[in-house]
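Take a look at the structure below.

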Amino acid sequence: MHSADNPLVSHSRKPASLVVVWTIARRAAGALLESALALVPIVLVIAFFQLIVLRQSVPNMGQMLWGGGLVLTGLALFVLGLQMALFPIGEEMAHSFVRKGKLWWLLAFAFALGFGTTVAEPALIAISEEAARVAASGRVIEDSSEARGSYAIGLRLTVALAVGFALVVGVFRTLKGWPVHYVVIVGYGCVVVMTFFAPPDIIGIAFDSGGVTTSTVTVPLVAALGIGLANTIHGRDPLIDGFGLIALASLTPIVFVMAYGMLY
Amino acid sequence: MDGLVGFGFTLMAMLRDIVPIAAVLFGFQVLVLRRPINNPARVAMGMIFVLFGLALFLEGLQMALFPLGRLMAEQLTSPDFIHGSGAGTSEQLDWLDYRWVYAFAAAIGFATTVAEPALLAVAIKASEVSGGTITVGGLRVAVGLGVAVGVALGVFRIVTGTPLHWYIIAGYVAVMIQTAFAPRLIIPLAYDSGGVTTSTVTVPLVAALGLGLAETIPGRSPMLDGFGLIAFASLFPIMAVMGYAQLVEWQARRWARNN
């Protein structure tokens, strides 16, 4: 501290780097504590049902402990990375788009983010292959690997389009300041009406595809983007206008997948 | 050595997830915004933390939680266990004989949701934005309770074999009614918390429970009945979060009246 003000002292960076190390260490301890607390309920539930209800011992204690340690470290690292990278990037990009007045580009970015992060999502790939198998056994499509493959890819593209569309609508909503529940009511209306016309086989898959689209990396980015927008635009409240993007991204796939099932 | 190879695969899978996201971010930053990222070293470090963190997290879950959780779901839904705890050896099973399954569904739904990283991220952001009025723990407990009720009701639906869409439509109506009365500030966050509950930790265990039930109960198809649980798990948190906010508001009003 005494030497930091003097530019002539060559090792003047040392105190600054010590401060950085200290901050990181303190944050790391906080993140570890946070993730330990998050894991307490799982341990209790597993222990209760395993020992008291099923009356069995816990197998492979060593492996369980090692796995638990990995989960704990992983969650703590994720929380640190969240605050170092995902949150600042999302907010910063929202600021820059608005400041530079590139609103069309902002909508294009929202679409690319939704489409790009969803189309390669492993959970979605698994679900669309499952759906193709159901469709083939229900004689909706021909039972050949070619027909199943094209059905599965079509479904994946449909869900990715739906998420891209949702983020475009959601960002537009934030820009305009519309209340989120108006948009959601319209979406619910579509879901309810379409449930009566869509083939029954597709309904369960449609509802599930709404749940799998929002991955663990996308969620923090999208939340930060929305809040960044609401903070930058005058007259928007981050709580009211910043949240809501994720809700739309898990609603539109239901509608789009049911439409896909009806058109196919 | 095996563990190291497994971790390598998980890391590659995570990398495949992150590459398209990074490409979109980087592409727009460089080509459209034409602005250097603030503090690039810190951001790069953070990305590496996210990548390794999620890979370790998944690896640990696959090692410790998923096998045991799936085994427990299987054992609790197996006819042997349910007959043993039910009314003697009668073949006719009543929906009440599944009481331990409901309890397990609710407990595991709550516990996995509280540990869900995406929900943690949203809770951190919400507490930051609300200036601490919404706490990180409070939001997660509310969402976890919602998932607990949702999954238990979803199990009840599979056991009784009633159609999924009636529950969903009734849920939508309840959400709409609550929206009209809930504090305006909480509504978008409540809707969002429906979407984030179902990811890395919750889905594999809840799906295993649903499929296990659909396989052991006569007359249920795993394809048609095994799927609906996730829909329940993303609908009920919306009600729970709005309900929590209504409760807090009601208490504050009562406190203000009494003083």
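## Starting inside a helix

Ile89(A) sits in helix α2 of chain A. The model is predicted, so treat every value here as computed from that prediction. Is Ile89(A) buried or exposed? Ile89(A) is buried, because 25 other C-beta atoms lie within 10 Å, and the cut-off for buried is 20 or more. Leaving out residues up to four places away in sequence, Ile89(A) touches Leu221(A), Leu25(B) and Val43(B). Ile89(A) is also 135 residues along the chain from Ala224(A), yet their C-alpha atoms are separated by 7.9 Å.

## Where the chains meet

The contact between the chains takes 81 residues from chain A and 78 residues from chain B. Which element gives the largest share of the chain A side? Helix α2 (residues 61-99) of chain A does, with 25 residues. By class, the side of chain A that touches chain B has 55 nonpolar, 22 polar and 4 charged residues.

Val50(B) gives a view from chain B. Apart from neighbours within four places in sequence, Val50(B) is in contact with Phe78(A), Gly81(A), Leu82(A), Ala85(A), Leu86(A) and Val217(A). Val50(B) also belongs to the largest nonpolar core, which has 171 residues. Val50(B) is among those with the most contacts inside that core, along with Leu167(A), Val257(A), Val151(B) and Val241(B). In soluble globular proteins, nonpolar side chains tend to be buried together.

Helix α7 (residues 200-212) of chain A is largely enclosed by the rest of the structure, because 11 of its 13 residues are buried. Among the buried residues of α7(A) are Ile202(A), Phe207(A), Asp208(A) and Val212(A).

Helix α8 (residues 218-232) of chain A is mostly covered too, with 13 of its 15 residues buried. How far does α8(A) reach from its first C-alpha to its last? The span is 21 Å, close to the 21 Å expected at 1.5 Å a residue.

## Chain B as a whole

Chain B has 11 helices and 0 strands. Its C-alpha atoms fill a box of roughly 70 × 65 × 30 Å along the principal axes. Of its 259 residues, 49% count as buried. Take the contacts in chain B with a separation of 6 or more: residues 24 or more positions apart account for 81% of them.

## A glycine in chain B

Gly144(B) lies in helix α6 (residues 136-160) of chain B. Why does Gly144(B) count as buried? Gly144(B) counts as buried because it has 25 C-beta neighbours inside 10 Å. Setting aside neighbours within four places in sequence, Gly144(B) is in contact with Phe110(B), Thr113(B) and Val114(B). Thr133(B) is 11 residues from Gly144(B) along the chain, and 19 Å separate their C-alpha atoms.

Most residues other than glycine have a negative phi. Here are two with a positive value.

Arg55(A) has a positive phi of about 50°, although it is not a glycine. Arg55(A) lies in the loop between α1 (13-53) and α2 of chain A. Arg55(A) is exposed, because it has 7 other C-beta atoms within 10 Å.

Asn39(B) has a positive phi near 55°. Its place is in the loop between α1 (2-33) and α2 (40-77) of chain B. Asn39(B) counts as partly exposed, because it has 14 C-beta neighbours inside 10 Å.

## How confident is the prediction?

The model scores ipTM 0.86 and pTM 0.86. Chain B averages a pLDDT of 84, and 92% of the residues score at least 70. Where in chain B is confidence lowest, and where highest? Confidence is lowest in helix α10 (residues 222-225), at a mean of 67, and highest in α6(B), at 92. Over residues 86-90 of chain B the pLDDT is below 50. Beyond near neighbours in sequence, that stretch has 3 contacts in the model.

Conventions
Residues numbered from 1 in each chain as written. Chains lettered and ligands numbered in written order. Predicted model: local features only at pLDDT ≥ 70, side-chain atom pairs only at ≥ 80, totals over all residues. Buried ≥ 20, exposed ≤ 12 C-beta atoms within 10 Å, placed from the backbone. Helix = DSSP H or I, 4+ residues; strand = E, 2+ residues; numbered from the N terminus. Contact = placed C-beta atoms within 7 Å. Nonpolar A, V, L, I, M, F, W, Y, C, P; charged D, E, K, R; others polar. Core = buried A, V, L, I, M, F, W, Y, C linked by C-beta atoms within 7 Å. Expected span 1.5 Å × (residues − 1). pLDDT = per-residue confidence, 0-100.
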